Amino acid sequence: MMKWGLSSGTPADSYYEIRSDCTDDVPKSKFKIKAGKTLSARKWQAAFSPDGCLDIASVLSRIQRGGVHPTVRGEVWEFLLGCFDPRSTFDEREEIRQIRRLQYARWKEDCRQMDSHVGSGKIITAPLITEDGRPIKDPLVLLEATDKNSSEGAPTTSRNGIEIDESAERITDKQIIEWKLTLHQIGLDVLRTDRTMVFYENKENLSKLWDILAVYAWIDKDVGYCQGMSDLCSPMIVLLNDEADAFWCFEKLMRRLRGNFRCTDQSVGVANQLQHLASIIQVLDPKLHDHLETLGGGDYLFAFRMFMVLFRREVSFGDSLYLWEMMWALEYDPDIFFAACEEAGAVHKNKVSKSKLKGLRHFGKWDNNKDKDNAKNGSEDGEDGPVPISVFMVASVLKEKREKLLQEARGLDDLIRILNDVNGNLDAKKACAGALKLHKKYLKKVSGYHVIIRQVKYFIS
């Protein structure tokens with residue numbers, strides 16, 4: 001799947017092979033591996049002490065300059081996402097890894113007991129059950145999931161053209177019914193995810209992706225499974241050979257993003273980010289904001305997909321990985337491991353004392369660039385904490401398309417068409433740099449507003 005030992009200047013996607021019949025249909029990588037900037041395997045190994053403690057500051061600095069070399073990307077992501085504490089030892093991490101693998105195996109077995117297709121190497125692409133809990137005997141499912149003769153002779157009845165298997169026991173547990181109703185949707189999405197990659201020509205890799213998403217949908221009952229999650233999970237399967245390790249990386253990523261998938265009839269999960277985006281554009285470019293409102297795009301819902309799948313459609317596969325790790329490195333919080341442990345309870349708590357992190361500064365540039373006075377005044381922080389860098393990245397995309405939007409967009413269709421031109425053409429490195437510049441400019445402007453407000457209050461009083 002991967003090629004090793006490629007020289008400096010090699011495009012990132014050279015490590016993620018594309019099917020020969022799809023090479024003309026996928027975005028071209030703009031990110032290149034650069035010696036002295038990209039975090040190499042040698043620099044990564046050198047960042048560990050003899051007992052395994054990681055010098056996270058040097059690692060983050062290198063990532064912020066040039067991303068991570070694909071040969072060590074999976075290992076690095078486990079730290080960036082908070083799977084492991086950088087101050088832990090090799091032995092402590094191995095103990096945690098084994099505990100987590102056992103936990104995943106237990107959850108997967110629980111799911112297999114509820115549906116035998118989990119862990120079978122098969123993928124479900126049609127409904128297995130009715131909404132009232134009656135198992136469906138559907139030839140489309142049987143061809144995908146079981147031996148052709150496995151259900152022959154079972155008594156059936158027909159309901160709206162769907163054959164109900166009368167020999168199977170009706171399920172009454174609502175949580176199980178809801179979970180089983182999502183399995184075929186997971187299958188349909190899995191078969192559409194990164195299908196241009198040679199990696200997914202191996203059906204074992206497809207079944208890994210389906211199994212992980214099925215297990216996650218069961219353990220996170222509040223969110224379950226939603227479209228877009230397969231795009232977020234796929235890179236974990238590609239980067240980490242062990243299915244359980246890939247699951248835990250995905251689970252940690254979902255801790256950051258699960259709020260995006262909480263949708264109601266009244267609001268979408270990314271509503272806060274869309275509101276932040278609207279506020280940022282209104283401050284930095286009132287003319288553009290007013291124009292978007294005139295077009296009917298003042299709710300900024302056109303940016304919905306960028307937030308949901310973290311720019312997977314806007315850049316190539318390799319560039320999206322670079323973009324993600326850049327954002328995580330910029331936003332990195334050394335307490336991320338302990339925060340995850342406290343939320344998860346005692347499932348996989350580390351023996352490393354949190355006191356080891358005392359005095360460790362926040363190495364992510366994102367927080368270092370933030371004006372402390374602005375934070376106190378609430379100029380950037382919302383109810384859910386600091387505005388994520390992804391919001392400023394979307395703002396940088398709008399800035400890049402500003403003139404075209406102002407001159408050519410006469411309605412929502414034009415707006416969508418212009419922004420769709422970004423698909424596959426976004427430069428990940430420039431987008432990150434642009435986001436940082438806009439962030440700095442935004443803080444400066446907002447800081448000025450607060451000075452004026454304080455002066456007005458002073459004179460009024």
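Cysteine 111 is buried, with a relative accessible area of 0%; buried denotes a relative accessible area under 20%, exposed over 50%, and partly exposed in between, using a 1.4 Å probe and protein chains only. The model is predicted, so local features need pLDDT of at least 70 and side-chain atom pairs count only at pLDDT 80 or more, while totals for chains, interfaces and linings use all residues. Residues are numbered from 1 along each chain as its sequence is written, and side-chain values use heavy atoms, with hydrogens and water left out.

**Cysteines**

Cysteine 249 is likewise buried, at 0% relative accessible area. Its sulfur lies 3.9 Å from the closest cysteine sulfur, that of cysteine 83, which is too far for a bond. The structure holds 0 disulfides, a disulfide being a pair of cysteine sulfur atoms within 2.5 Å.

Helix H9 covers residues 243–257; helices are DSSP runs of H or I with at least four residues, and strands are runs of E with at least two, numbered from the N terminus. The 15 residues of H9 reach 21 Å from first C-alpha to last, close to the 21 Å expected at 1.5 Å a residue, where the expected span is 1.5 Å times one less than the number of residues. Of these 15 residues, 13 are buried. At the start of H9, a side-chain oxygen of aspartate 242 comes to within 2.9 Å of the backbone nitrogen of alanine 244.

In the largest nonpolar core, which has 133 residues, Met229, Met236, Phe250 and Leu277 touch the most other members. Such a core is a set of buried Ala, Val, Leu, Ile, Met, Phe, Trp, Tyr and Cys residues joined through side-chain atoms within 4.5 Å. Beyond its neighbours within four places in sequence, methionine 229 is in contact (heavy atoms within 4.5 Å) with residues including Phe250, Met254 and Phe261.

Aspartate 194, although not a glycine, has a positive phi of about 50°. Tyrosine 300 also has a positive phi, near 60°. The side chain of serine 316 reaches the backbone nitrogen of aspartate 319 at 3.2 Å. Apart from neighbours within four places in sequence, serine 316 is in contact with Asp13, Pro27, Lys28 and Ser29.

Definitions and conventions
Polar contact = N/O pair within 3.5 Å; in protein donor to acceptor, adjacent residues only side chain to side chain.
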